[in-house]
Amino acid sequence: MNRLAHETSPYLLQHADNPVDWWPWSAEAFDEARRSNRPVLLSVGYSSCHWCHVMAHESFEDHPTADYLNEHFVSIKVDREERPDVDAVYMEAVQAATGQGGWPMTVFLTPDAEPFYFGTYFPPAPRHGMPSFRQVLEGVRSAWTDRRDEVAEVAGKITRDLSQREIDYGSTEAPGEEELSRALLGLTREYDPQRGGFGGAPKFPPSMALEFLLRHHARTGAEGALEMARDTCERMARGGIYDQLAGGFARYSVDREWVVPHFEKMLYDNALLCRVYAHLWRSTGSELARRVAVETADFIVRELRTAEGGFASALDADSDDGTGTGKHVEGAYYVWTPAQLTEVLGDEDAALAAQYFGVTEDGTFEEGQSVLQLPQHEGVFDAAKIESVKSRLLEARSRRPAPGRDDKVVAAWNGLAIAALAETGAYFDRPDLVEAAVSAADLLVRLHLDEHAKLARTSKDGQVSANAGVLEDYADVAEGFLALASVTGEGVWLEFAGFLLDHVLAGFVDESGALYDTASDAERLIRRPQDPTDNATPSGWTAAAGALLSYAAQTGAEPHRTAAERALGVVKALGPRVPRFIGWGLAVAEAYLDGPREVAVVGPSFTDEGTKALHRTALLGTAPGAVVAFGVAGSDELPLLADRPLVDGGPAAYVCRNFTCDAPTTDPEHLRTALTR
């Protein structure tokens with residue numbers, strides 16, 4: 001066992017038995033590099049990363065390679081999901097030097113943590129123009145030994161270049177109609193009208209851009225925006241990227257048609273997409289959107305919930321292929337051949353399943369295997385028969401070796417899940433989903449928040465890590481708590497959101513209104529990371545803008561509103577140019593342009609049917625970013641309830657926007673109208 005044996009990260013624990021003498025990221029590791037006059041090998045990955053597993057098996061489990069590393073390098077292993085700050089800083093260097101990046105990330109550093117040589121995956125033998133990992137190690141060692149001055153010069157220049165990089169922040173003005181219209185035009189130009197989504201292969205679920213499109217349609221009535229969102233959601237839900245048997249989305253599709261996924265399932269993707277499909281249903285009444293939202297929520301709770309009540313990070317892409325050799329193969333758990341269908345279902349139902357799910361003799365994946373899809377069919381299938389087929393296939397699949405699960409709880413991603421489950425539970429009368437959201441929120445408060453309301457990023461098995469929360473943790477957890485406050489009417493969640501957002505204002509915002517990914521008192525790296533672009537998840541920057549805006553609408557807090565407006569300046573700069581990579585920022589800008597609207601629902605009791613009807617109508621309103629306060633008349637639980645009396649002794653709803661309030665209404669239909677365009 002090496003030094004990783006006592007870490008909380010499942011990814012680091014996967015390497016605890018390597019013959020490599022790994023160190024976790026720590027000052028002690030760099031002290032050892034200085035003491036022994038050796039360069040540092042920094043290897044960054046994550047638990048469900050396929051090529052991370054491949055390189056580990058080929059190189060880090062290989063004793064001669066490990067012996068060479070142990071003699072000539074200090075080797076540091078980092079879980080990018082635990083330390084996104086470390087990952088971001090060195091990934092920026094890799095991309096600047098090589099024009100590309102990815103994981104595993106392999107970087108060689110001086111003992112002062114300055115990078116001088118970069119790469120991603122290196123094979124055990126030269127391949128496709130790539131040197132072998134051993135060749136790389138020997139070359140780096142030779143340069144360190146024989147050309148130290150040159151290495152120091154390169155490392156110093158790279159570090160200086162990184163530290164001098166500045167974000168084109170634009171201004172501190174939020175975007176207006178013109179910028180959002182140009183962003184919509186940019187998305188339209190990149191849209192794939194035949195297959196849905198944006199761009200070519202590989203194709204990632206564009207959840208945040210879809211939120212923007214739905215909000216833009218709700219605010220302006222632009223049918224093209226709704227059509228892009230609706231068609232993309234349908235294509236994804238019918239494709240192999242969606243698990244047709246158990247629900248939940250894979251990370252991305254390797255092709256343009258959404259057929260073959262990269263099979264890992266991430267909490268953040270499923271939380272974001274669950275919310276998108278719930279919002280699509282809210283806008284259109286689509287039965288497909290309802291089904292996918294509920295199935296995805298059920299997947300999150302069933303397969304990712306931990307014993308402590310939080311949600312695990314991911315399911316691996318790879319699993320044992322079931323041949324008895326112990327070999328792990330990507331997608332083995334999910335794919336089918338016609339013969340396997342027949343074995344489970346018999347000839348007649350296997351033929352039906354093959355037609356219904358698009359399973360062919362040639363296969364749509366590898367070695368004659370097919371990923372289950374839901375192609376468009378002519379004719380009608382017997383619904384009861386299809387449900388029977390799905391049930392039997394799911395039961396048979398459950399007997400296969402399951403993919404591994406990364407059990408660490410990441411605060412930010414749990415915040416996204418809390419928001420999705422709270423809203424989905426409220427929309428579809430699933431109190432169990434709301435309860436699951438509350439349980440996860442309770443865990444974050446009990447375990448991840450300290451006595452000063454500072455947030456730890458990760459925990460595992462009820463043990464909190466020493467990794468400090470970054471901006472996305474504070475922002476996404478606040479977003480989840482704000483959603484819970486709207487759904488439950490419990491002011492404690494608004495209060496906790498306020499604690500977190502006060503930390504954002506105090507530690508993450510500079511005098512210009514720009515935001516940093518790490519707090520002002522965080523560990524100093526060679527560069528303080530700062531990235532406003534939305535990629536797999538909302539950036540901390542845009543997530544903070546959204547949470548600050550909602551909190552200000554709930555409370556009237558002017559500093560939070562001002563900070564949100566200033567943060568949206570980056571959306572004004574980037575939205576028209578790269579709308580695919582600032583989707584959540586654009587969605588927040590839609591809420592800003594709409595107000596956002598503030599809805600207070602008061603009643604004689606929480607259980608009063610009229611009060612519940614108005615509350616549900618408020619939650620189902622499509623006005624972008626509208627906030628909802630719900631409670632008993634006279635309560636001081638939530639600020640928006642202040643001075644909101646009953647009307648003629650009965651429940652009432654108050655709608656305000658931009659410091660102007662409508663007359664209170666007791667009619668759900670009137671309220672619905674007030675919360676639409």
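A polar contact is a pair of N or O atoms within 3.5 Å; within protein, one atom must be able to donate a hydrogen and the other to accept it, and residues adjacent in sequence count only if both atoms are side-chain atoms. The model is predicted: local features need pLDDT of at least 70, side-chain atom pairs count only at pLDDT 80 or more, and totals for chains, interfaces and linings use all residues. Residues are numbered from 1 along each chain as its sequence is written, and side-chain values use heavy atoms, with hydrogens and water left out.

**View 1. Ser-465 and its polar contacts.** The side chain of Ser-465 makes a polar contact with the side chain of Thr-458, at 2.6 Å. The Ser-465 side chain also reaches the backbone nitrogen of Asn-467, at 3.2 Å. Ser-465 lies in the loop between strand S15 (463-464) and helix H18 (471-488). Helices (H or I, at least four residues) and strands (E, at least two) are DSSP runs, numbered from the N terminus.

View 2. Is Ser-465 buried or exposed? Ser-465 is buried, because its relative accessible area is 11%. Buried means under 20% relative accessible area, exposed over 50%, and partly exposed in between (1.4 Å probe, protein chains only). Beyond its neighbours within four places in sequence, Ser-465 is in contact (heavy atoms within 4.5 Å) with Thr-8, Glu-82, Ala-456, Thr-458 and Ser-459. Asp-429 is 36 residues from Ser-465 along the chain, and their C-alpha atoms are separated by 36 Å.

**View 3. Strand S2 and its two faces.** Strand S2 covers residues 40-45, and six of its six residues are buried. Val-40, Leu-42 and Val-44 point one way from S2. Leu-41, Ser-43 and Gly-45 point the other way. In a regular strand the side chains alternate between the two faces of the sheet.

**View 4. The partners of S2.** Two strands pair if DSSP finds at least two bridges between them. S2 pairs with strand S3 (residues 74-79) in the parallel sense, over six bridges. Here the bridge partner of Gly-45 is Asp-79 in S3. S2 also pairs with strand S4 (residues 105-109), in the antiparallel sense, over five bridges. Leu-41 stands opposite Phe-108 in S4.

**View 5. The disulfide of Cys-49 and Cys-52.** A disulfide is a pair of cysteine sulfur atoms within 2.5 Å. The sulfur atoms of Cys-49 and Cys-52 are 2.3 Å apart. The torsion about this S-S bond is about 80 degrees, so the disulfide is right-handed. Cys-49 is buried at 4% relative accessible area. Cys-52 is buried too, at 3%.

**View 6. The disulfide of Cys-656 and Cys-661.** A search of the whole structure finds two disulfides. One of them joins Cys-656 to Cys-661, S to S 2.0 Å. With 100 degrees about the S-S bond, this link is right-handed. Cys-656 counts as buried at 5% relative accessibility, whereas Cys-661 counts as partly exposed at 42%. With bonded cysteines counted along the chain, the disulfides follow the pattern 1-2, 3-4.

**View 7. Cys-233 and Cys-274.** Cys-233 is in no disulfide; the nearest cysteine sulfur, that of Cys-274, is 12 Å away. Cys-233 is buried, with a relative accessible area of 1%. Cys-274 counts as buried at 0% relative accessibility.
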